[in-house]
Amino acid sequence: MYPTKIINDPIYGFIKINNPFILQLIDHRFFQRLKRIKQLGLAEFVYPGAHHTRFHHALGAMHLMDQALNNLIAKGYSISAAEREAAEIAILLHDIGHGPFSHVLEYTLLQKVKHEEVSLLLMHLLNKEFKGRLDLAISMFTGNYPRKFFHQLISSQLDVDRLDYLSRDSFYTGVREGFIGSERLLSMLDLHEEQLVLEEKGIYSIENFLMARRLMYWQVYLHKTAIAAETMLIQILRRAKFLISEGQKLPCSTPLKTFLKSTYTWEEFSTKESLLIAFTELDDHDVWAAIKEWKNASDKILKHLCTHFLARKLFTCKLGSQPIPKAKRVEIEENIKREYGITDEELSYFVVEGSTSNAAYVQGDNTIKMVDKQGQVVELLEASDLPTIQALSKIVKKYYFCCPKSVYLQGELS
């Protein structure tokens, strides 16, 4: 028997949960694991306060779902108890498939397996355990439920997931530009033919929401130091996987060893329940513990990367609108090979190039719709003559180049 629980949340105040089945899901080991996965991965290297977890975020998103449904009911829309429970379960579990360090390792430990796909696999596993109690939640999560606004509240360009993580990440990093008035936005939600729309007077709140999203991406999610830390962590795991494939034994937990020994395809991962269970036993602590052990490794590359990572002697990261010039890159590569005594094949552990983009608002099928006082529904860009919103719809792409700082400085001085 589960009594009503009240959680004191630093963002919203008291969150009341009185649904026994939801409380049972929160207490499940799959969900409790989210306490050991940080929401912002390695952003703590930049913002020391960013220690909140996926567990915090999931509870906050569920609270906002509850508020959104209350507002729609107050406007006269019929939402059954079963629909409310299913919507809250779907958003509660939407991030249950995240691996260690959130997005960082989606393409390292697994072969391009997105966390949403893992979340769905785990929902099906829970549904089996609870004898079909999650059928409706899964239907909403996948967008198959006829009342489409439920899926839009879970996953869209104006969903409760984004509303929570922007406010929460802003709070814990101290980046106040990310703060949004989620309560005001939720109060302006409406429905048109079972689709989510926003009242016309909410146009300025949407502008603030999109601007906050753009600023949080460049200041937090895609901060150059966070990118440097992430690329370094990826190279550590790449090297560990290579050494294990060569027959070397590296100390680490059993779940981590499972995914270092082989990179599983989606077909393997989705059909072998044992792999899915092993994934649910993996969290940030497994990786940190391994790195602490590997700093004493006999392999000079793994030892160097781990030692520097733990001491926060990170790669330098140059972020710009154009890739680094080829001549500069070649010069740096030669300096690295000479300083570290490594081969061309080993160079990729110390030089990482790539690109990243920031899309605050994307036009397409999943757009934000506005409804005017006459009941006419139009797409956000048509409804707004604000130049800010027009500008935020443009995708900004930047290129990054990461390498050891001392070598890069040598290149600058030469």
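Residues are numbered from 1 along each chain as its sequence is written. Because the model is predicted, local features need pLDDT of at least 70 and side-chain atom pairs count only at pLDDT 80 or more, while totals for chains, interfaces and linings use all residues, and side-chain values use heavy atoms, with hydrogens and water left out.

**View 1. Three strands form an open sheet in the order β5-β9-β6.** Helices (H or I, at least four residues) and strands (E, at least two) are DSSP runs, numbered from the N terminus. Two strands pair if DSSP finds at least two bridges between them. In this sheet the pairing is antiparallel, and β5 and β6 are the edge strands, each pairing on one side only. Neighbouring strands are turned by 25° against each other on average, direction ignored. For such angles, axes are lines fitted to C-alpha atoms, for helices over the stretch in contact, and the angles run from 0 to 180 degrees between N-to-C directions. Look next for helix α11 (residues 224-245), which packs on the sheet and touches β5, β6 and β9. The direction of α11 makes about 125° with that of β5. Contact here means heavy atoms within 4.5 Å.

**View 2. Strand β9 has a partner in β5 and another in β6.** Strand β5 (residues 315-320) is joined to β9 by six bridges, and strand β6 (residues 352-358) pairs with β9 over seven bridges. You can pick out some facing residues: phenylalanine 315 stands opposite proline 404 in β9, and serine 355 stands opposite tyrosine 399 in β9. In a regular strand the side chains alternate between the two faces of the sheet.

View 3. Are they joined by a disulfide, or is cysteine 402 in none? A disulfide is a pair of cysteine sulfur atoms within 2.5 Å. Cysteine 402 is in no disulfide, and its nearest cysteine sulfur, that of cysteine 317, is 3.6 Å away. By this rule the count comes to zero disulfides. Cysteine 306 is in no disulfide either, and the nearest cysteine sulfur, that of cysteine 252, is 11 Å away. Cysteine 306 is buried, with a relative accessible area of 0%, and cysteine 402 counts as buried at 0% relative accessibility. Buried means under 20% relative accessible area, exposed over 50%, and partly exposed in between (1.4 Å probe, protein chains only).

**View 4. Four strands form an open sheet in the order β3-β4-β7-β8, with mixed pairing.** The edge strands are β3 (189-192) and β8 (377-379), each pairing on one side only. From one strand to the next, the twist averages 45°. β3 and β4 pair in the antiparallel sense over four bridges, and aspartate 190 stands opposite valine 197 in β4. These two strands form a hairpin with two residues between them, and glutamate 193 in the turn has a positive phi of about 50°. Further along, β4 and β7 run parallel and are joined by two bridges, with leucine 198 opposite methionine 370 in β7. Strand β7 (residues 369-371) and β8 pair in the antiparallel sense over three bridges, and the partner of lysine 369 is glutamate 379 in β8. Four of the five residues of strand β4 (residues 195-199) are buried, so β4 is largely enclosed by the rest of the structure.

**View 5. Helix α5 (residues 115-129) crosses helix α14 (residues 273-280) at roughly 105°.** Two packed helices are described by the angle between their axes and the distance between the axes. Here the axes come within 11 Å, and α5 and α14 are therefore roughly perpendicular to each other. Angles under 35 degrees count as roughly parallel, over 145 as roughly antiparallel, 65 to 115 as roughly perpendicular and the rest as oblique. Residues making the contact include Leu121 and Leu125 of α5 and Leu276 and Phe279 of α14.

**View 6. Lysine 394 and threonine 53 each lie in a loop.** Lysine 394 is found between α19 (387-392) and β9 (396-404), and at 57% relative accessibility lysine 394 counts as exposed. Not counting residues up to four places away in sequence, lysine 394 touches Arg214 and Asn358. Threonine 53, in the loop between α2 (29-32) and α3 (54-74), counts as buried at 9% relative accessibility.
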